[in-house]
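My notes follow the order in which I checked things.

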Amino acid sequence: MRPDLKPDRRRDQHFLIDANILRKIVDFASIARDEDVLEIGGGPGNLTELLAQKAHRVYSVEVDPALASLLEGRFKGSNVTVIEGNALKVDLPKFDKVVANLPYSISSDVTFKLLKYDFKFGVLMYQREFALRMVARVGEPEYSRLSVDVQHFAAVELLMRVPPQAFAPPPPVESEVVKLTPRPAPYTVKDRGLFMGLVTAAFAGRRKRLRNALLKGAHIMGIENMKELIGRLPQDLMEKRAEEVAPEQYAELADLLYGLVRHDSSDLQG
C-alpha cells in the first residue's frame, strides 16, 4: 500500500493488507479464466490485483473518488474495469462471482442487493458478529431476522476468521470470510412479501411471545384484522418467541395468514 494513501475512517475504510489472507480469499473463489468477477470496495487494489490474475474480467466498484482514480491508473489497459459510485446505487454489471472485503456499514443492504442478481457464489468479508448471525440456526444465541432472511435466498458457510491486524487501520472487531451461494429456499412460500414482513414483525418484538409481536407488528405485514386472525393460527407457535421459531415454521405461518386473509377478503366481496 502506498505510504501516502490513508484510509478514510468516515468511509468505513479498512484496507486488507495481509498477503496470505488475500491469497486465501482468492483461492476460496476458485476463479476460472473465463469468469467475470465483481469486487465491491476496491480500495487500493490489493485484492483487485490478485483477482485480475485469475479472472477474465474484474469489475471493481469504489465509492471514494480518490481511490477510484488510483485504481484507474493502476489497472489502466488491463482486464479491470473500475466503476466509481456507491454499490447500493449503481447498476451492477453481469458477473459470475463476487469477491470482496465489504464496507461493514453496508453489509446487510449490499448482501440483499447482490442476492437479486444471478451469480454462482460470493466470497465476502464481514464483521464476524454479523457473519455468525448469517449462519445461525433456530435456538442459537445469534439466530435473528438476518439468519432467516439470508438463508431464505442462499446457503451460507463460514470460511476463515480474520484478525484486526490483517487490516490497515485495524478495525475494532474480528472479521470473517463467508461463502454465499444463492439457491432456492428449502421451503416454499405463497407470498414472499408477507413472509418477510412476518419475520420482520416477529423479531422486532423478539422478547415478546409471537402472539404479541405479531399484534404489534401487524402494520408491517399490512394486515388490519390481526387480532381476529391470531386466534386462528397454531396456538403452540403463538406462545413461542421469535428465536424459537424455525424458518420453515415462519413459512407455514405466512401461508396460513395468506390463506386466511384471502378467504376473509373473498367473503367480504361475496
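I count a salt bridge when a side-chain nitrogen of Lys or Arg lies within 4 Å of a carboxyl oxygen of Asp or Glu. The model I am working from is predicted.

**Entry 1: arginine 232**

I looked up the partner of arginine 232 and found glutamate 228, with the closest N and O atoms 2.8 Å apart. I then checked how open the two residues are. Arginine 232 has a relative accessible area of 35%, which makes it partly exposed. Glutamate 228 is also listed as partly exposed, at 41% relative accessibility.

**Entry 2: the whole structure**

How many salt bridges does a search of the whole structure find? I get nine.

**Entry 3: glutamate 35 and lysine 97**

I took this pair next. Their side chains meet in a salt bridge, 3.1 Å from N to O. The pair links distant parts of the chain, since I find glutamate 35 in the loop between α1 (19–29) and β2, and lysine 97 in strand β5, 62 residues apart.

Is glutamate 35 buried or exposed? Its relative accessible area is 5%, and buried means under 20%, so I note glutamate 35 as buried. Lysine 97 has 4% relative accessibility and counts as buried.

I also checked for further links. Glu35, Lys97 and Lys120 are joined in a network of salt bridges.

**Entry 4: glutamate 49 and arginine 74**

I find a salt bridge between glutamate 49 and arginine 74, with 2.4 Å between the closest N and O atoms. This pair, too, links distant parts of the chain: glutamate 49 sits in helix α2 (residues 46–54) and arginine 74 in helix α3 (residues 65–74), 25 residues apart.

For accessibility, I read a relative accessible area of 35% for glutamate 49, which is partly exposed. Arginine 74 is partly exposed as well, with 37%.

**Entry 5: helix α4**

Which residues of helix α4 (residues 107–114) are buried? I list Ser107, Val110, Thr111, Lys113 and Leu114. Looking down the axis of α4, I see these buried residues fall within an arc of 165°, so they line one face of the helix.

What covers the buried residues of α4? My list includes the strands β2 (36–40), β5 (97–101), β6 (121–127) and β9 (175–182), together with helix α5 (128–135).

Notes: Residues are numbered from 1 along each chain as its sequence is written. This is a predicted model: local features need pLDDT of at least 70, side-chain atom pairs count only at pLDDT 80 or more; totals for chains, interfaces and linings use all residues. Side-chain values use heavy atoms; hydrogens and water are left out. Buried means under 20% relative accessible area, exposed over 50%, partly exposed in between (1.4 Å probe, protein chains only). Helices (H or I, at least four residues) and strands (E, at least two) are DSSP runs, numbered from the N terminus. The arc is that of the directions from the helix axis to the C-beta atoms. Contact means heavy atoms within 4.5 Å.
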